[in-house]
Amino acid sequence: MTAKSSSSPGPARRRWLYFLPLVVLVLLSALFLVGLDRDPRFLPSELINRPLPEFALEPVPGRGRPLESAALKGDVSLVNIFGSWCIACRAEHPMLLAIQREGVVRIHGVDWREKFPEDGAAWLAQHGDPYDRVGLDPDSALVIDLGVTGAPETFVIDAQGVVRYKVTGPITPEIWEKELKPLIAHLRETPQ
Amino acid sequence: MIHSPVRSGWLGPLALVIALASGGLAGPIAWAVQPDEILPDPALEERARDISQGLRCVVCQSENIDESNADLARDMRKRVRQLLTEGHSNDEVVDFMVQRYGDYVLMKPPFKFSTVALWLAPALLLGVGAGAVVLYFRRRATEPAAAVAVDLSDEERRRLARLLEDQAPPTDKETPA
């Protein structure tokens, strides 16, 4: 890097090269800035707008009716994946109870991966029971069929048993008011 | 050497650290696949292991389900084996998981429009880098080494000559007594 050579095209034509690192930096910064906002744990549900698979889950002991796919037809409903071991479900629970009190939509529960079937029943007895039907899924049978990656997750099922929406993580009051309630009303207004 | 107190002194704690690091979180068994999961048919089990190694544990993200100790990974392994036992082909089993979890469940993403950058960027960057290197050396080779001297002005030449003279080895008569 001694003196400039006489055979080079001249400084004027190559001056833009000095700005190249800056341009690359700006482009990369923009890329990384966008990447910051994207949650790598968020996975879109592959099941949206596809019918729920056929299933029949055993009921939680002492709680009567089991959860089966046939029971989900006829009206819009929510299907909530939970477990007594799941701390985020515990945090979400008051919201589910509030939704049940509001009486807008039925909530069904999938009690996922309990060590003992009674664990879910005890948990519901202690914290309140917002569910219409609750089915046990000890081996992730329905959970895998729904593409669930963790609890809680909540699916909106329309009257025909088609999956319309998925909430990953706890339902917040904001999600309920701004996303789920309008969607439920919309699904009821427009007969499929 | 083996019996020296220094070595045996830290080998014990080291072994403990390694044991804790490798198995402490996952439990005492290093192998994720539990004995009760293994299929009696070795050929089928071999296929199950093969498929499992290509499927991502959706809870742990950077592990495949064959090596993951997560409960969901275990249940997915079982489902893979159940589907194989029912007579499904390897492709059908993989498709089954992709239909539920999307391409994300594949450790090796498929080549399609949305993944073009992912697959081609390394080759492209290598090409650009190689091109820059070739260009650099070609340009350097064509530039005569004497070109530097051509650029010197007369004044610079005289100064250079002076400097070179100054550094000439001293002769006997110039040496002070």
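Biologist: In which loop does A:Pro152 lie?

Modeller: In this predicted model, A:Pro152 lies in the loop between H5 and S6 of chain A. Helices here are DSSP runs of H or I with at least four residues, strands are runs of E with at least two, and both are numbered from the N terminus.

Biologist: What makes the bond between A:Ala151 and A:Pro152 a cis peptide bond?

Modeller: Its omega is about -5°. As background, most peptide bonds are trans.

Biologist: Why is A:Arg113 called buried?

Modeller: A residue is buried if 20 or more other C-beta atoms lie within 10 Å of its own, exposed if 12 or fewer, and partly exposed in between, with C-beta atoms placed from the backbone. A:Arg113 has 22 C-beta neighbours inside 10 Å, so A:Arg113 counts as buried. A:Arg113 sits in the loop between S4 and helix H4 (117–127) of chain A, and its phi is positive, about 55°, although A:Arg113 is not a glycine.

Biologist: Why does A:Asn49 count as exposed?

Modeller: A:Asn49 has 10 other C-beta atoms within 10 Å, and is therefore exposed. A:Asn49 is in the loop between helix H2 (16–36) and strand S1 (56–59) of chain A. Its phi is near 65°, a positive value in a residue other than glycine.

Biologist: What makes S2 and S7 of chain A edge strands?

Modeller: In chain A, 7 strands form an open sheet with mixed pairing, in the order S2-S1-S5-S4-S3-S6-S7. Strand S2 (67–68) and strand S7 (163–168) of chain A each pair on one side only, and are the edge strands. Two strands pair if DSSP finds at least two bridges between them.

Biologist: How do you know that S4(A) and S5(A) pair?

Modeller: Strand S4 (residues 106–112) and strand S5 (residues 134–137) of chain A have 4 bridges, in the parallel sense. In S5(A), A:Gly135 is the bridge partner of A:Val110.

Biologist: How many bridges join S6(A) to S7(A)?

Modeller: S6(A) and S7(A) share 5 bridges and run antiparallel. They form a hairpin with 5 residues between them, and A:Gly161 in the turn has a positive phi of about 80°. Opposite A:Phe155 stands A:Lys166 in S7(A).

Biologist: How do you know that the span of helix H2 (residues 42–53) of chain B agrees with its length?

Modeller: The expected span is 1.5 Å times one less than the number of residues. For the 12 residues of H2(B) that gives 16 Å, and the end C-alpha atoms are 16 Å apart, so the two agree.

Biologist: Which residues of H2(B) are buried?

Modeller: B:Ala48, B:Ile51 and B:Ser52 are buried. They cover an arc of only 100° around the axis, which puts them on the same side of H2(B); the arc is that of the directions from the helix axis to the C-beta atoms. Exposed residues on the other side of H2(B) include B:Pro42, B:Glu46 and B:Gln53.

Biologist: What makes the buried residues of H4(B) one face?

Modeller: They are B:Val93, B:Met97, B:Arg100 and B:Tyr101. Seen down the axis of H4(B), they fall within an arc of 85°, so they line one face of the helix. B:Asp91, B:Glu92 and B:Asp95 are exposed on the face turned away from the buried side. The cover over the buried residues of H4(B) includes helix H5 (141–145) of chain A, together with H2 and H3 of chain B.

Biologist: Where does pLDDT stay under 50 in chain B?

Modeller: Over residues 1–8 and over residues 23–30. pLDDT is the predictor's confidence in each residue, from 0 to 100. Where pLDDT is low, the predicted coordinates should not be read in detail. The mean pLDDT of chain B is 80, with 73% of its residues at 70 or more.

Definitions and conventions:
Residues numbered from 1 in each chain as written. Chains lettered and ligands numbered in written order. Predicted model: local features only at pLDDT ≥ 70, side-chain atom pairs only at ≥ 80, totals over all residues. Contact = placed C-beta atoms within 7 Å.
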